[in-house]
Amino acid sequence: MSLLDKFAPRWQFREMHRIAVLAPADAARRAIREVTARDIRGFRLLTWLRRAGRPGPAGGSILNPPPDEPILKVALRTGFMQLANTEHELVIGTFVMSPPRAKHQPESPDEFLAIAAPGYAKAVMNFRVQESQLAMSVVTTETRVWATDERTERK
């Protein structure tokens, strides 16, 4: 069972990716923490398209990270929260929608989990690393998005 199931047991949208890498698990986990926008071919173009060409906020964001700062570090300082972190799995989350005047970021993983009032849409993402044969690892990432009510889901 994944820690993702604790923070996103329900969802309306889900995307999952899995890749086998020729690297030990500790190297794969380090790469997840250290990868930058410059390291990923096409990342800046794809995020520019996602922003519809608009500039991102000063200081960067997950959609406009500085080229040499780890993407995970940017995410955690610009709206994402680390919800869980073990030797095999990292879980982060954010609100992609929230009601007007709502507190935008909870102060703890338990508070994030408890929010279920209308008007919220939560995105939760994990990175799992499992050791495999032949000095390989399998890296899995899954994103789940759950809107707390039908109106927010339609938006």
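1. Strands S4 and S5 run antiparallel and are joined by 11 bridges. Two strands count as paired if DSSP finds at least two bridges between them. Strands (E, at least two residues) and helices (H or I, at least four) are DSSP runs, numbered from the N terminus. Ala 121 faces Ala 147 in S5.

2. This is a predicted model: local features need pLDDT of at least 70, side-chain atom pairs count only at pLDDT 80 or more, and totals for chains, interfaces and linings use all residues. Residues are numbered from 1 along each chain as its sequence is written, and side-chain values use heavy atoms, with hydrogens and water left out.

3. The open sheet has 5 strands, ordered S1-S5-S4-S3-S2, with antiparallel pairing. Strand S1 (13-21) and strand S2 (81-85) are the edges, each pairing on one side only.

4. S3 (residues 89-97) pairs with S4 (residues 121-131) over 8 bridges, in the antiparallel sense. Val 91 sits opposite Asn 126 in S4. Met 97 has Ala 121 of S4 as its bridge partner.

5. Helix H2 (residues 25-34) lies across S1, S4 and strand S5 (137-147). Contact here means heavy atoms within 4.5 Å. H2 runs at about 150 degrees to S4. Axes are lines fitted to C-alpha atoms, for helices over the stretch in contact; angles run from 0 to 180 degrees between N-to-C directions.

6. Leu 46 belongs to helix H3 (residues 43-50). Leu 46 is exposed, at 58% relative accessible area. Exposed means over 50%, buried under 20%, partly exposed in between (1.4 Å probe, protein chains only).
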